[in-house]
Amino acid sequence: MSAVAERVRTSLQVSLGIYEKALRWTGDWDALFADARAAGFSFIDLSVDETPERRARLDWSAETRQQVRDAAARQGIQLGGLCLSVHRGVGPGSADPAVRAEADRIFARGIDLCQDLGIPVLQVAGYYAYYEPADPGQRERYVESLRTAIPRAARAGVLLGIENVDGNDVTSISRGMNIVREIDSPWLQMYPDVGNIAEQQLDELEELRAGKGHMLAIHLKDVRVGEPRRVPMGQGIADFPKAFAELARQGWSGRMMLEMWNDDAPDSVERCVEARRIVEGWLDDASFEIVTDTPER
(Lines give C-alpha, C1' and ligand atoms only; values in the text may rest on other atoms or scores of the structure.)
Protein backbone atom coordinates (compact mmCIF):
# COMPACT_ATOMS: atom_id res chain seq x y z
CA MET A 1 0.00 0.00 0.00
CA SER A 2 1.41 3.41 -0.95
CA ALA A 3 2.08 6.07 1.69
CA VAL A 4 -0.77 8.20 0.29
CA ALA A 5 -3.20 5.27 0.33
CA GLU A 6 -2.17 4.43 3.89
CA ARG A 7 -2.82 8.03 5.04
CA VAL A 8 -6.27 7.95 3.40
CA ARG A 9 -7.07 4.67 5.09
CA THR A 10 -6.00 5.70 8.57
CA SER A 11 -8.04 8.90 8.27
CA LEU A 12 -11.20 6.81 7.70
CA GLN A 13 -11.65 5.06 11.02
CA VAL A 14 -14.78 3.36 12.28
CA SER A 15 -15.71 1.28 15.31
CA LEU A 16 -18.39 -1.37 14.96
CA GLY A 17 -21.20 -1.91 17.44
CA ILE A 18 -24.22 -4.13 17.76
CA TYR A 19 -27.87 -3.60 18.74
CA GLU A 20 -28.83 -5.37 21.95
CA LYS A 21 -31.72 -7.15 20.19
CA ALA A 22 -29.19 -8.83 17.89
CA LEU A 23 -28.12 -10.96 20.87
CA ARG A 24 -30.07 -13.44 22.92
CA TRP A 25 -31.31 -11.89 26.17
CA THR A 26 -31.12 -14.12 29.25
CA GLY A 27 -31.68 -11.46 31.88
CA ASP A 28 -27.95 -11.23 32.68
CA TRP A 29 -26.21 -7.99 31.73
CA ASP A 30 -22.74 -9.46 32.07
CA ALA A 31 -23.69 -12.26 29.69
CA LEU A 32 -25.16 -9.85 27.14
CA PHE A 33 -22.12 -7.58 27.17
CA ALA A 34 -19.74 -10.56 27.08
CA ASP A 35 -21.57 -11.88 23.99
CA ALA A 36 -21.24 -8.49 22.27
CA ARG A 37 -17.53 -8.46 22.98
CA ALA A 38 -17.10 -12.13 21.93
CA ALA A 39 -18.81 -11.32 18.62
CA GLY A 40 -16.08 -8.74 17.94
CA PHE A 41 -17.87 -5.47 18.65
CA SER A 42 -16.60 -2.38 20.45
CA PHE A 43 -19.94 -1.05 21.65
CA ILE A 44 -23.59 -1.92 22.10
CA ASP A 45 -26.71 0.21 21.66
CA LEU A 46 -29.45 -0.38 24.22
CA SER A 47 -33.19 -0.10 23.66
CA VAL A 48 -36.13 1.52 25.40
CA ASP A 49 -39.03 0.29 23.32
CA GLU A 50 -42.78 -0.18 23.62
CA THR A 51 -42.59 -3.35 25.72
CA PRO A 52 -43.28 -2.87 29.44
CA GLU A 53 -39.96 -4.50 30.35
CA ARG A 54 -37.76 -2.16 28.30
CA ARG A 55 -39.91 0.91 28.89
CA ALA A 56 -39.44 0.37 32.64
CA ARG A 57 -35.73 1.12 32.16
CA LEU A 58 -36.63 4.80 32.14
CA ASP A 59 -37.43 4.46 35.85
CA TRP A 60 -34.49 2.34 36.90
CA SER A 61 -33.07 3.10 40.32
CA ALA A 62 -29.65 4.70 40.68
CA GLU A 63 -28.35 1.34 41.92
CA THR A 64 -29.58 -0.51 38.83
CA ARG A 65 -28.08 2.09 36.51
CA GLN A 66 -24.72 1.70 38.22
CA GLN A 67 -24.95 -2.10 38.03
CA VAL A 68 -25.50 -1.96 34.24
CA ARG A 69 -22.67 0.49 33.78
CA ASP A 70 -20.35 -1.66 35.91
CA ALA A 71 -21.26 -4.80 33.95
CA ALA A 72 -20.33 -3.10 30.68
CA ALA A 73 -16.99 -2.03 32.14
CA ARG A 74 -16.29 -5.55 33.43
CA GLN A 75 -16.88 -7.03 30.00
CA GLY A 76 -14.89 -4.40 28.12
CA ILE A 77 -17.80 -3.06 26.03
CA GLN A 78 -18.84 0.55 25.52
CA LEU A 79 -22.44 1.73 25.83
CA GLY A 80 -22.67 3.56 22.54
CA GLY A 81 -26.27 4.70 22.19
CA LEU A 82 -29.80 4.41 23.52
CA CYS A 83 -32.63 3.76 21.06
CA LEU A 84 -35.74 5.56 22.33
CA SER A 85 -38.17 3.69 20.08
CA VAL A 86 -40.92 3.81 22.72
CA HIS A 87 -41.83 7.07 20.96
CA ARG A 88 -43.30 4.92 18.20
CA GLY A 89 -46.14 4.17 20.59
CA VAL A 90 -46.14 7.48 22.48
CA GLY A 91 -45.93 9.98 19.66
CA PRO A 92 -44.34 13.39 20.28
CA GLY A 93 -46.55 14.68 17.49
CA SER A 94 -49.79 13.25 18.90
CA ALA A 95 -52.99 15.27 18.72
CA ASP A 96 -53.68 14.29 22.34
CA PRO A 97 -52.07 16.70 24.86
CA ALA A 98 -51.78 13.92 27.45
CA VAL A 99 -49.85 11.72 25.02
CA ARG A 100 -47.56 14.63 24.14
CA ALA A 101 -46.90 15.28 27.82
CA GLU A 102 -45.93 11.64 28.27
CA ALA A 103 -43.70 11.81 25.18
CA ASP A 104 -41.93 14.81 26.71
CA ARG A 105 -41.49 12.91 29.97
CA ILE A 106 -39.99 10.01 28.02
CA PHE A 107 -37.51 12.39 26.38
CA ALA A 108 -36.48 13.74 29.79
CA ARG A 109 -36.14 10.31 31.37
CA GLY A 110 -34.27 8.99 28.33
CA ILE A 111 -31.75 11.84 28.52
CA ASP A 112 -31.29 11.25 32.25
CA LEU A 113 -30.77 7.52 31.63
CA CYS A 114 -28.11 8.25 29.02
CA GLN A 115 -26.35 10.61 31.41
CA ASP A 116 -26.35 8.06 34.24
CA LEU A 117 -25.14 5.21 32.01
CA GLY A 118 -22.49 7.32 30.30
CA ILE A 119 -24.19 6.95 26.90
CA PRO A 120 -23.31 9.83 24.54
CA VAL A 121 -26.11 9.51 21.95
CA LEU A 122 -29.88 9.24 22.34
CA GLN A 123 -31.47 7.97 19.15
CA VAL A 124 -34.66 9.84 18.30
CA ALA A 125 -37.17 7.84 16.25
CA GLY A 126 -38.52 9.79 13.29
CA TYR A 127 -42.16 8.89 14.02
CA TYR A 128 -44.56 11.79 14.61
CA ALA A 129 -47.52 9.76 15.95
CA TYR A 130 -47.22 6.32 14.36
CA TYR A 131 -50.54 4.82 15.43
CA GLU A 132 -52.70 7.90 14.83
CA PRO A 133 -54.27 9.11 11.58
CA ALA A 134 -52.09 11.71 9.89
CA ASP A 135 -53.01 15.33 10.48
CA PRO A 136 -51.39 18.61 9.35
CA GLY A 137 -50.12 19.50 12.84
CA GLN A 138 -48.19 16.31 13.58
CA ARG A 139 -44.81 17.47 12.30
CA GLU A 140 -45.05 20.83 14.07
CA ARG A 141 -45.86 19.15 17.38
CA TYR A 142 -43.00 16.66 16.89
CA VAL A 143 -40.55 19.50 16.27
CA GLU A 144 -41.81 21.36 19.34
CA SER A 145 -41.22 18.27 21.48
CA LEU A 146 -37.64 18.12 20.23
CA ARG A 147 -37.17 21.80 21.04
CA THR A 148 -38.36 21.13 24.57
CA ALA A 149 -35.91 18.23 24.98
CA ILE A 150 -32.79 19.97 23.69
CA PRO A 151 -31.95 22.20 26.71
CA ARG A 152 -32.01 19.16 29.00
CA ALA A 153 -29.86 17.19 26.55
CA ALA A 154 -27.38 20.07 26.35
CA ARG A 155 -27.09 20.28 30.14
CA ALA A 156 -26.56 16.51 30.32
CA GLY A 157 -24.03 16.47 27.49
CA VAL A 158 -26.17 13.99 25.51
CA LEU A 159 -26.46 14.30 21.74
CA LEU A 160 -29.83 13.66 20.06
CA GLY A 161 -29.67 11.83 16.72
CA ILE A 162 -32.76 11.55 14.51
CA GLU A 163 -33.18 8.21 12.75
CA ASN A 164 -34.86 8.10 9.34
CA VAL A 165 -37.54 5.43 9.73
CA ASP A 166 -40.03 3.22 7.92
CA GLY A 167 -43.57 4.50 7.55
CA ASN A 168 -44.53 8.00 6.44
CA ASP A 169 -42.86 10.56 8.71
CA VAL A 170 -39.07 11.21 8.80
CA THR A 171 -38.51 8.69 6.02
CA SER A 172 -35.25 10.16 4.71
CA ILE A 173 -32.11 11.90 5.84
CA SER A 174 -33.28 14.87 3.77
CA ARG A 175 -36.47 15.21 5.84
CA GLY A 176 -34.51 14.80 9.04
CA MET A 177 -32.06 17.48 7.97
CA ASN A 178 -34.93 19.90 7.42
CA ILE A 179 -35.74 19.50 11.12
CA VAL A 180 -32.08 19.74 12.15
CA ARG A 181 -31.71 23.02 10.25
CA GLU A 182 -35.04 24.34 11.55
CA ILE A 183 -34.10 23.77 15.19
CA ASP A 184 -30.46 24.73 14.59
CA SER A 185 -28.85 23.29 17.71
CA PRO A 186 -25.50 21.47 17.92
CA TRP A 187 -27.23 18.99 20.22
CA LEU A 188 -29.56 17.73 17.46
CA GLN A 189 -28.09 15.87 14.49
CA MET A 190 -28.77 12.71 12.46
CA TYR A 191 -28.26 9.01 13.23
CA PRO A 192 -29.02 7.69 9.73
CA ASP A 193 -30.20 4.17 8.88
CA VAL A 194 -28.79 2.95 5.55
CA GLY A 195 -31.31 0.12 5.44
CA ASN A 196 -34.29 2.44 5.80
CA ILE A 197 -32.98 4.54 2.89
CA ALA A 198 -33.12 1.41 0.74
CA GLU A 199 -36.50 0.23 2.09
CA GLN A 200 -37.97 3.60 1.09
CA GLN A 201 -36.40 3.09 -2.38
CA LEU A 202 -34.34 6.27 -2.09
CA ASP A 203 -30.87 6.90 -3.47
CA GLU A 204 -28.05 6.23 -0.98
CA LEU A 205 -25.74 8.82 -2.53
CA GLU A 206 -28.30 11.62 -2.51
CA GLU A 207 -29.42 10.89 1.04
CA LEU A 208 -25.96 10.51 2.59
CA ARG A 209 -24.83 13.67 0.84
CA ALA A 210 -27.81 15.47 2.40
CA GLY A 211 -26.54 14.50 5.85
CA LYS A 212 -22.90 15.44 5.31
CA GLY A 213 -21.38 16.99 8.43
CA HIS A 214 -24.38 16.10 10.60
CA MET A 215 -24.22 12.28 10.97
CA LEU A 216 -23.31 11.27 14.55
CA ALA A 217 -23.24 7.55 13.79
CA ILE A 218 -24.63 5.16 11.17
CA HIS A 219 -27.14 2.30 11.40
CA LEU A 220 -26.40 -0.76 9.28
CA LYS A 221 -29.20 -3.23 8.58
CA ASP A 222 -30.36 -5.04 5.48
CA VAL A 223 -33.93 -4.79 4.20
CA ARG A 224 -36.32 -5.59 1.41
CA VAL A 225 -39.15 -3.34 0.27
CA GLY A 226 -41.87 -3.79 2.88
CA GLU A 227 -39.46 -5.71 5.14
CA PRO A 228 -37.55 -3.19 7.28
CA ARG A 229 -36.51 -5.82 9.86
CA ARG A 230 -35.07 -9.33 10.19
CA VAL A 231 -33.43 -9.55 6.75
CA PRO A 232 -29.99 -11.24 7.08
CA MET A 233 -27.03 -9.03 6.21
CA GLY A 234 -26.17 -9.33 2.54
CA GLN A 235 -29.51 -10.87 1.55
CA GLY A 236 -31.49 -7.67 1.03
CA ILE A 237 -31.40 -4.62 -1.21
CA ALA A 238 -29.33 -2.15 0.83
CA ASP A 239 -26.31 -1.11 -1.26
CA PHE A 240 -23.67 -0.91 1.45
CA PRO A 241 -20.65 -0.74 -0.90
CA LYS A 242 -22.22 2.32 -2.54
CA ALA A 243 -23.01 3.88 0.85
CA PHE A 244 -19.53 3.22 2.23
CA ALA A 245 -17.90 4.65 -0.87
CA GLU A 246 -19.87 7.87 -0.37
CA LEU A 247 -18.97 8.02 3.32
CA ALA A 248 -15.32 7.55 2.35
CA ARG A 249 -15.59 10.42 -0.13
CA GLN A 250 -16.92 12.59 2.70
CA GLY A 251 -14.03 11.57 4.94
CA TRP A 252 -16.52 10.31 7.51
CA SER A 253 -15.27 8.52 10.63
CA GLY A 254 -17.26 7.33 13.61
CA ARG A 255 -19.45 4.57 14.97
CA MET A 256 -21.43 2.11 12.85
CA MET A 257 -24.04 -0.01 14.60
CA LEU A 258 -25.33 -3.29 13.12
CA GLU A 259 -29.07 -3.44 13.74
CA MET A 260 -30.39 -7.00 13.85
CA TRP A 261 -33.07 -8.99 15.68
CA ASN A 262 -31.78 -12.34 16.94
CA ASP A 263 -32.88 -11.98 20.56
CA ASP A 264 -34.68 -15.35 20.52
CA ALA A 265 -31.96 -17.25 18.60
CA PRO A 266 -29.62 -19.65 20.46
CA ASP A 267 -26.94 -18.99 17.79
CA SER A 268 -27.24 -15.21 17.99
CA VAL A 269 -23.52 -14.68 18.60
CA GLU A 270 -22.62 -16.68 15.49
CA ARG A 271 -25.14 -14.70 13.42
CA CYS A 272 -23.62 -11.45 14.62
CA VAL A 273 -20.09 -12.63 13.83
CA GLU A 274 -21.13 -13.53 10.28
CA ALA A 275 -22.82 -10.16 9.75
CA ARG A 276 -19.77 -8.34 11.12
CA ARG A 277 -17.45 -10.19 8.76
CA ILE A 278 -19.60 -9.27 5.78
CA VAL A 279 -19.63 -5.60 6.79
CA GLU A 280 -15.88 -5.62 7.44
CA GLY A 281 -15.31 -6.81 3.88
CA TRP A 282 -17.32 -3.91 2.46
CA LEU A 283 -15.57 -1.43 4.73
CA ASP A 284 -12.15 -2.75 3.72
CA ASP A 285 -13.05 -2.34 0.05
CA ALA A 286 -13.97 1.30 0.80
CA SER A 287 -10.59 1.85 2.56
CA PHE A 288 -11.97 2.16 6.07
CA GLU A 289 -9.85 1.09 9.03
CA ILE A 290 -11.81 -0.70 11.73
CA VAL A 291 -10.62 0.30 15.18
CA THR A 292 -11.42 -1.84 18.18
CA ASP A 293 -11.87 0.42 21.18
CA THR A 294 -11.81 -1.12 24.63
CA PRO A 295 -12.82 0.96 27.68
CA GLU A 296 -10.33 1.10 30.51
CA ARG A 297 -11.15 -1.13 33.45
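Which residues have the most contacts inside the largest nonpolar core? The views below are taken from a predicted model, in which local features need pLDDT of at least 70 and side-chain atom pairs count only at pLDDT 80 or more, while totals for chains, interfaces and linings use all residues. Residues are numbered from 1 along each chain as its sequence is written, and side-chain values use heavy atoms, with hydrogens and water left out.

**View A. The nonpolar core around F33 and F244.** F33 and F244 have the most contacts inside the largest nonpolar core, which has 83 residues; such a core is a set of buried Ala, Val, Leu, Ile, Met, Phe, Trp, Tyr and Cys residues joined through side-chain atoms within 4.5 Å, buried meaning under 20% relative accessible area with a 1.4 Å probe and protein chains only. Apart from this core lies another of eight residues, including Y19 and Y191.

View B. In α7, residues 173-183, the buried residues are I173, G176, M177, I179, V180 and I183. D184, whose phi is positive, near 55°, follows α7.

**View C. Residues of α4 meeting α5.** From α4, R65, V68 and R69 meet R109, D112, L113, Q115, D116 and L117 of α5, contact meaning heavy atoms within 4.5 Å.

Conventions
Buried < 20%, exposed > 50% of the residue type's maximum accessible area, 1.4 Å probe, protein only. Helix = DSSP H or I, 4+ residues; strand = E, 2+ residues; numbered from the N terminus.
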